[in-house]
Amino acid sequence: MFRKRNLVLQSLRRVNLNNLETLISRRLSVSTHSNAETGIFSLAGELASLVEETSSPHVDDTKPRSRMELKRSLELRLKKKVKEQYTNGKFSDLLKKVIARPETLRDAYDCIRLNSNVPITERDGNVAFAFDSMAEELSSGVFDVASNTFSLVAKDKTKEVLFLPSVALKVVQEAIRIVLEVVFSPHFSKISHSCRSGRGRGSALKFISNSVSRSDWCFTLSLNKKMDASVFESLLSVMEEKVEDISLSVLLRSMFEAQVLNLEFGGFPKGHGLPQEGVLSRVLMNIYLDRFDHEFYRISMRHEALDRDSQTDEDGLGSKLRSWFRRKAGEQDLKSPLEKDIAVRVYCCRFMDEIFFSVSGPKKVAVDIRSEAIDFLRNSLHLDIVDEIDPSPCETTSGLRVLGTLVRKNLRESPAVKAVHKLKEKVKLFALQKEEAWTLGTVRIGKKWLGHGLKKVKESEIRGLADSNSTLSQISCHRKAGMETDHWYKVLLRIWMEDVLRTSADRSEEFILSKHIVEPTIPQELRDAFYKFQNSAAAYVSSETAKVEALLPCPLSHEKPVFFGDVVAPTNAIRRRLFRYGLVTSEGYARTNTMLILQDTAQIIDWFSGLVRRWVIWYGGCSNFDEIKALIDNEIRKSCIRTLASKYRIHENEIEKRLDIELSTIPSAEDIEQEIQLEKLDSPAFDRDEHLTYGISNSGLCLLSLARIVSESRPCNCFVAGCSMAAPAVYTLHAMERQKFPGWKTGFSVCIPSSLNGRRIGLCKQHLKDLYVGQISLQAIDFGAWR
């Protein structure tokens with residue numbers, strides 16, 4: 001009875017109250033006249049129909065759908081066709097009845113165009129006629145994969161060769177990808193955070209940070225293996241468990257022989273939109289590594305539920321096994337809190353080919369789990385493991401590199417300790433402010449001293465004001481004939497500074513003016529008072545804080561420390577990349593990026609704002625996000641302004657005044673929090689789905705330089721797949737770095753192959769902006785347009 005009442009209440013909540021009142025009044029009026037004929041007042045039937053009307057979604061045709069919503073609708077359309085082929089526990093004839101259909105190939109091509117940010121309402125006449133013939137070739141088994149493949153050879157001494165598919169073969173691979181995801185994705189394990197909606201890099205980092213806070217040991221496994229014949233045959237055998245289609249296996253084998261599957265374990269980070277990652281790479285990798293995901297559950301059961309060494313009573317084994325099944329099923333564990341602390345817990349998270357483990361328990365268990373996992377990967381999956389490192393303690397380690405970030409275990413401070421640390425920070429900040437004010441004042445006096453010195457040099461050139469006994473008059477004999485006054489003064493300063501720099505490690509202008517010019521002339525009492533204050537503040541921060549912490553009440557014996565997982569952005573690696581890409585000097589000061597000067601103003605600003613946008617989205621939840629804000633304010637924004645100032649050869653302040661609106665796309669540190677909220681509100685839910693945006697949302701920024709302007713005698717179209725627009729310019733792609741796997745996530749493209757370094761590509765203005773701001777990736781570019 002209670003269940004029926006709850007169903008009625010849920011139905012009433014879904015009904016519009018105005019419609020309900022209208023319905024009841026209408027039925028009451030009708031029942032008074034026709035009660036004798038109808039006999040029963042069927043309000044329940046009317047309510048049911050009303051609930052059905054209100055629950056049906058109202059489609060607003062006036063509101064345009066985002067490109068990821070359109071992509072999802074296309075994939076759902078193919079999903080229905082795939083499910084129709086399910087018979088006797090397997091999917092059969094997927095190639096002939098689903099993939100080799102003109103409408104399927106058209107939908108796959110539209111998915112590629114949506115990834116390239118090309119409106120699918122615009123029909124591309126260059127390829128529209130080929131779908132019928134392509135479908136016929138696929139169904140008859142005569143589709144030539146080799147003729148739809150091209151290779152790019154590196155121009156350096158390595159002569160590295162990269163095999164890439166043509167647009168036609170990409171369409172076939174995209175159709176196969178959607179079909180295979182429909183078949184295998186529902187069966188993927190929970191520890192896999194890739195290739196499914198709701199599970200991506202963000203959910204993986206959240207799971208890892210939570211598991212680290214409850215663990216004692218952690219380690220990662222780095223895979224390294226290019227697909228060979230043994231791995232491919234093993235992959236086909238796994239697929240045959242759910243798919244019965246010989247023609248599909250033959251087609252995949254032909255792609256493997258043509259080297260266009262581009263499936264590699266390790267080597268480079270996955271999901272970053274790199275061209276060497278194949279269209280089928282993510283689904284095939286997840287199908288293959290799903291065997292490891294299920295093996296992890298067996299490892300977990302052996303150590304958590306079947307460990308007889310830790311049993312204390314006769315019924316302990318059964319209780320632990322029941323508790324283990326409850327946890328895996330998502331139910332609440334009924335064990336006592338004391339047992340929960342003693343028991344072994346094993347956590348695992350996999351994002352593509354990056355595998356993370358954390359263990360709560362003794363080190364021996366962590367070592368055994370790591371050994372069992374490595375044995376299975378090597379012996380059963382035929383994969384190699386590199387950088388074999390023993391499990392490290394979560395509390396003492398400086399952090400573990402996972403998914404391009406640093407994850408570490410930190411102790412959550414009590415309110416009293418927080419108050420002590422807050423007081424220490426206030427004292428340090430106050431002392432720093434006084435030091436900055438002191439330096440600013442002395443530098444200002446030093447600059448006045450420079451002006452006074454120039455005035456004295458000019459007076460020495462006037463006969464009426466010149467002093468023959470002065471030092472300037474005595475050294476004037478060393479002045480070259482015709483030398484200007486300003487030049488002569490700079491020569492004197494340089495000679496003096498060379499003598500000073502022999503004994504000084506700091507070579508900055510401010511330090512020399514403050515320490516070597518002004519401070520020796522300041523009264524001794526004033527100098528002693530300033531440095532005494534600084535020393536007292538430093539002593540208070542170091543010693544007084546320890547004394548105050550010692551006075552804090554000790555925590556009770558039964559209260560255990562509370563830990564939390566901390567995700568840290570790799571700021572040191574980011575600073576090194578800023579120097580490599582020419583945004584800062586070796587000392588860390590912002591500088592002009594010479595490779596961007598020839599591009600338009602909007603394109604230069606888009607390049608810098610694209611880097612900022614990636615940092616804001618990727619590192620918004622990191623604990624050291626304030627350091628990212630400082631980099632945006634002190635390096636990125638200033639480098640953009642100096643690049644534009646060098647382009648137009650005007651002062652930086654004038655650039656800021658003229659381009660104030662355009663530069664607003666690079667937010668200051670105060671506006672970044674607001675930008676994060678606006679980014680979440682403006683972007684639709686499907687645009688944040690990492691399954692739909694795979695290869696786009698985590699794509700890094702690449703560096704392009706202007707090669708030439710397109711003319712009528714040398715025309716060029718946009719290289720982006722599906723785009724028929726003319727390209728106004730041709731750009732050169734620069735491979736600035738090639739990180740070893742697993743690398744740091746810095747906002748830039750981490751591993752562009754050397755075979756693409758120096759390649760020229762044509763891009764229209766819209767797709768150049770999309771590439772800079774992260775709306776498309778390098779995978780959207782057809783590098784075979786010029787061969």
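Biologist: Is Phe265 buried or exposed?

Modeller: Buried means under 20% relative accessible area, exposed over 50%, and partly exposed in between, with a 1.4 Å probe and protein chains only. Phe265 has a relative accessible area of 0%, so Phe265 is buried. This is a predicted model, where local features need pLDDT of at least 70 and side-chain atom pairs count only at pLDDT 80 or more, while totals for chains, interfaces and linings use all residues. Residues are numbered from 1 along each chain as its sequence is written, and side-chain values use heavy atoms, with hydrogens and water left out.

Biologist: How many aromatic pairs are there?

Modeller: Rings of Phe, Tyr and Trp (its six-membered ring) pair if their centres lie within 6.5 Å; planes under 30 degrees apart count as stacked, over 60 as edge-to-face and the rest as tilted. The count here is 16 aromatic pairs. In one of them, Phe265 and Tyr288 have ring centres 5.8 Å apart and planes at 50°, so the pair is tilted. Tyr288 counts as buried, at 1% relative accessibility.

Biologist: Which kind of pair do Phe292 and Phe357 form?

Modeller: Phe292 and Phe357 are edge-to-face, 6.2 Å centre to centre with 85° between the planes. Both Phe292 and Phe357 are buried. Ring pairs also link Phe219, Phe292, Phe296, Tyr297, Phe357 and Phe376 into a cluster.

Biologist: Which ring does Lys270 lie over?

Modeller: A charge sits over a ring if NZ of Lys or CZ of Arg is within 6 Å of the ring centre and within 35 degrees of the ring normal. Lys270 lies over the face of Phe741, 5.3 Å from the ring centre. Lys647 lies over the face of Tyr648, at 5.7 Å.
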